[in-house]
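Start with the model itself.

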Amino acid sequence: MRLNDALLGALLVGFAVWVWWLTGFFPRFPGQDYGPNLFPRILAVGIGVCGAALVVRGLRARGPLVVIEDWVRDPARLLSFLLLPAAVLAYILLSDRLGFIPTAFLLLVALFLWFRARPVVALPVAAGVTLVVHWFFAGLMRVPLPRGILDSIL
């Protein structure tokens, strides 16, 4: 499936407008000229400009808005495509209860095995990636990741 650049660009412009609007509710810091909404709004402007360029490019091409490709008709490929957003949704639903480390590890192992990685490779790579991402976000960036069942250990 392929989307025309005009359609994709319109979605990006809409997303940029939505981000800009949401950041209007961020609290202001007294005595500062800028607040926590500055960086997301800079990104929103960049996304909006790129989206507008895509709209112009797509309208010039004058092609169909959506083209259904052959891979969409293949159930295995379609399922592979849908597994990635399903994994994000599963993380959102499970991470508070299980915690970041078990959820990320299980999802990575499942995805690696689905995409035909050997278990002898999938298990250590999933463990390593999970620990490095946890170290980066929880340790360096101080992002509070959910602890879940590992709350007493971490």
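## Salt bridges

Arginine 57 and aspartate 5 join their side chains in a salt bridge, at 2.9 Å from N to O. The term means a side-chain nitrogen of Lys or Arg within 4 Å of a carboxyl oxygen of Asp or Glu. Arginine 57 sits in helix α2 and aspartate 5 in helix α1, so the pair ties together parts 52 residues apart in sequence. Arginine 57 is exposed, at 56% relative accessibility (exposed is over 50%, buried under 20%, partly exposed in between; 1.4 Å probe, protein chains only).

The whole structure holds three salt bridges. Aspartate 70 and arginine 73 form one of them, at 3.5 Å from N to O; both residues are exposed. Arginine 77 pairs with aspartate 74, with the closest N and O atoms 3.8 Å apart. Aspartate 74 is partly exposed, at 31%.

## Basis

The model is predicted: local features need pLDDT of at least 70, side-chain atom pairs count only at pLDDT 80 or more, and totals for chains, interfaces and linings use all residues. Residues are numbered from 1 along each chain as its sequence is written, and side-chain values use heavy atoms, without hydrogens or water.

## Helix packing

Helices α1 (residues 5-23) and α2 (residues 38-61) pack at about 160°, with axes 7 Å apart. Helices here are DSSP runs (H or I, at least four residues), numbered from the N terminus. Axes are lines fitted to C-alpha atoms over the stretch in contact, and angles run from 0 to 180 degrees between N-to-C directions. The pair is therefore roughly antiparallel (over 145 degrees).

How values were computed
Helices (H or I, at least four residues) and strands (E, at least two) are DSSP runs, numbered from the N terminus. Angles under 35 degrees count as roughly parallel, over 145 as roughly antiparallel, 65 to 115 as roughly perpendicular and the rest as oblique.
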